[in-house]
Amino acid sequence: MIIPFTELSEDTLNNLIEQFVLQEGTEYGDRDISLDEKVIQVKQQLKSGDAIIVYSELHESVNIVPAERFHHKP
């Protein structure tokens with residue numbers, strides 16, 4: 001189930017994004033990027049529709065994934 005990020009409180013959204021960024025372990029190249037910058041980048045991807053928040057009833061988990069994975073682009 002897709003959860004519109006606009007339906008989450010700002011605190012909940014920020015906590016979800018921070019958790020996502022911290023578990024990703026994504027390589028950002030030569031330049032260190034702060035947690036705040038990473039959160040802003042993910043939030044921009046949610047706003048642009050490039051990423052979506054998905055709840056899995058089977059796994060009882062929430063994750064941020066590329067929208068193209070679900071063929072979902074508003």
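Mentor: Lys43 has a relative accessibility of 15% in this predicted model, and because the cut-off for buried is under 20%, Lys43 counts as buried. Its partner is Glu10: the two side chains form a salt bridge, with 2.6 Å from N to O. Glu10, at 49% relative accessibility, counts as partly exposed. The pair joins distant parts of the chain, since Lys43 sits in helix α2 and Glu10 in helix α1, 33 residues apart. By the rule used here, the count is 1 salt bridge. Side chains of opposite charge can pair when their charged atoms come close.

Now follow Lys43 to Leu13, which touches Lys43 as well as Phe5, Leu8, Leu46 and Ile53, leaving aside residues up to four places away in sequence. Leu13 lies in helix α1 and is buried, with a relative accessible area of 4%. Leu13 and Ile53 are 40 residues apart in sequence, and their C-alpha atoms are 9.8 Å apart in space.

Leu13 also belongs to the largest nonpolar core, which has 12 residues in all, including Leu46, Ile53 and Ile64. Helices α1 (10-24) and α2 (35-48) and strand β2 (51-56) each supply at least two residues of this core, and α1 gives the largest share, 5 residues. In soluble globular proteins, nonpolar side chains tend to be buried together.

Technical notes
Residues are numbered from 1 along each chain as its sequence is written. This is a predicted model: local features need pLDDT of at least 70, side-chain atom pairs count only at pLDDT 80 or more; totals for chains, interfaces and linings use all residues. Side-chain values use heavy atoms; hydrogens and water are left out. A nonpolar core is a set of buried Ala, Val, Leu, Ile, Met, Phe, Trp, Tyr and Cys residues joined through side-chain atoms within 4.5 Å. Buried means under 20% relative accessible area, exposed over 50%, partly exposed in between (1.4 Å probe, protein chains only). Helices (H or I, at least four residues) and strands (E, at least two) are DSSP runs, numbered from the N terminus. A salt bridge is a side-chain nitrogen of Lys or Arg within 4 Å of a carboxyl oxygen of Asp or Glu. Contact means heavy atoms within 4.5 Å.
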